[in-house]
Amino acid sequence: MTLQLTLGWELRWRWMLALWIGMLSAVAVQAQGTPDSSAEARQILVMLHLPAPHFRPDASYGGGYRNDNAGHSRLTIAQEVADQYQLTLVSRWPMSTLGVDCFVMTVPSDRNLEDTVKLVSADRRVEWAQEIQSFVTLGEADPLYPIQPSATFWHLDRLHTVATGKGVRIAVIDSGVEEDHPDLLGQITARENFVTQQAYAAESHGTAVAGIIVALRDNKLGITGIAPDAKIMALRACWQEGGKSLCNSFTIGQALNFAILNGAKIVNMSFAGPRDQLIKRLIEAAQQRGMLIVAATTADDADGGFPASMPGVLAVADKIQSARPASILYAPGQGIPTTTPHHAWGLVSGSSFSAAHVSGLAALLVQLRPGNNAEQIRKSVATRSAYISGAGSGNIDVCVTFRKLVEKCICECQ
């Protein structure tokens, strides 16, 4: 789909209106059959210790127990805990990167959720217990400009003369990605579904984020990704519900555990929600392994919200706010053309897509400096004090960033 810049404003707005109606129709279809949020609101996570890795047959993978006899023992303990506190045991998953076995339990409607968490957490058999928190992706539906800002403001063609993200694996923890989209063919190396209540589905938000990061270059279709030679792990931890994509502690935790165990270098987290102990611990485990975490900020919290406000996380916003911390990065996030389900392209807006830009940029930096740890990569991003409004490049000075790394000027040379 190509939109000529010579279109008159009336025709351009008609096109955008038709696009918006089409996107709403797609959302309405994909929202059917989503998990029951009301049931989830009465569930908690209960963590039990895992045995040492050399005793555990599932140590190399984040799911499944196979012949794990110790797993049956923990299941027995979990059932005893559930019976003691009048809970219903629903499901389980080993969070092996944290050394815990995670059990989902439902709390009866006549029991106070917070009090139940405190009681279970105090049990000696339990490492910790917590409520299942809800998270929401941070995209909007307000298309503004039918152009790709990164091409103009980030000099994407010039950046690709020195780096394309080759050899870098990026975990996209999001809703489902359409892997057979013509702009994403061959770009998805792993596809996992952690929303067990429904089959894997290609959804708007995840597909849009993936396209911004790794859409194919020079295929005479659609757009060019920031890191077109990087590869994506499409980890479905969110599901489409109405006009938004929702996630929770358990699904995000499983996806993060998978990303850590399977060698992702960068993790894109385009969602926000309440502070969560499981997700916090998993992010810290990922950072200890040198993984770079990129998260979208929410305008609802001055510090950017969780997980963007965690130390060491690359927090990214699309619109400047004076009250926000100086460490927050600003990247293109308004009227961004990208991939959408059903082999189409559309315009998206929101900090979700600003974060995707920075995940792609990080992949270019990792390719150039593969030996650098996450903190060194984070510090190599040069920023400017001025924020370019409009379609905008944000406050990231890509020319200075790459000039420092390759020791030559590749764009905006003077």
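**The disulfides and their setting**

Analyst: Of the 414 residues in the chain, 54% are buried, where buried means under 20% relative accessible area, exposed means over 50%, and partly exposed lies in between (1.4 Å probe, protein chains only). This is a predicted model, in which local features need pLDDT of at least 70 and side-chain atom pairs count only at pLDDT 80 or more, while totals for chains, interfaces and linings use all residues. Residues are numbered from 1 along each chain as its sequence is written, and side-chain values use heavy atoms, with hydrogens and water left out.

Take the contacts between residues at least 6 apart in sequence: 74% of them join residues at least 24 apart, a contact being heavy atoms within 4.5 Å.

Now to the part you asked about. A disulfide is a covalent bond between the sulfur atoms of two cysteines. The structure holds two of them, identified as pairs of cysteine sulfur atoms within 2.5 Å. One is formed by C238 and C247, with 2.0 Å between their sulfur atoms. Both C238 and C247 are buried. Turning about the S-S bond of C238 and C247 gives a torsion of about 85°, so this disulfide is right-handed.

The other disulfide joins C399 to C411, with an S to S distance of 2.1 Å. This pair links distant parts of the chain: C399 is in helix α12 (residues 398–406) and C411 is in the segment after α12, 12 residues apart. The torsion about the S-S bond of C399 and C411 is about -130°, so that disulfide is left-handed. C399 counts as buried because its relative accessibility is 4%, and C411 is likewise buried at 4%. Another cysteine to look for is C102, buried with a relative accessible area of 0%.

From here, let us move to the helices. All of helix α7 (residues 204–214) is buried, 11 of its 11 residues, so α7 is largely enclosed by the rest of the structure. Among its buried residues are H205, T207 and V214. Helices α8 (residues 249–261) and α9 (residues 277–288) have axes that come within 9 Å and cross at roughly 10°; the axes are lines fitted to C-alpha atoms over the stretch in contact, with angles from 0 to 180 degrees between N-to-C directions. The two helices, α8 and α9, are therefore roughly parallel to each other, as angles under 35 degrees count as roughly parallel, over 145 as roughly antiparallel, 65 to 115 as roughly perpendicular and the rest as oblique. The contact involves residues including I252, L256 and I260 of α8 and L278, L282 and I283 of α9.

D303 lies in the loop between β14 and β15, and D303 is partly exposed at 31% relative accessible area. A polar atom of the D303 side chain lies 2.9 Å from the backbone nitrogen of G305. Leaving aside neighbours within four places in sequence, D303 is in contact with R275, S309, P325 and I328. P307 has its place in the loop between β14 (292–296) and β15 (314–317), and a cis peptide bond joins F306 and P307, with omega about 10°.

Most residues other than glycine have a negative phi, and most peptide bonds are trans. H342, in the loop between β17 (336–340) and β18 (344–350), has a positive phi near 70°. H343, found in the loop between β17 and β18, has a positive phi of about 60°. H342 is exposed, with 58% relative accessible area, whereas H343 is partly exposed at 41%.

Conventions. Helix = DSSP H or I, 4+ residues; strand = E, 2+ residues; numbered from the N terminus. Polar contact = N/O pair within 3.5 Å; in protein donor to acceptor, adjacent residues only side chain to side chain.
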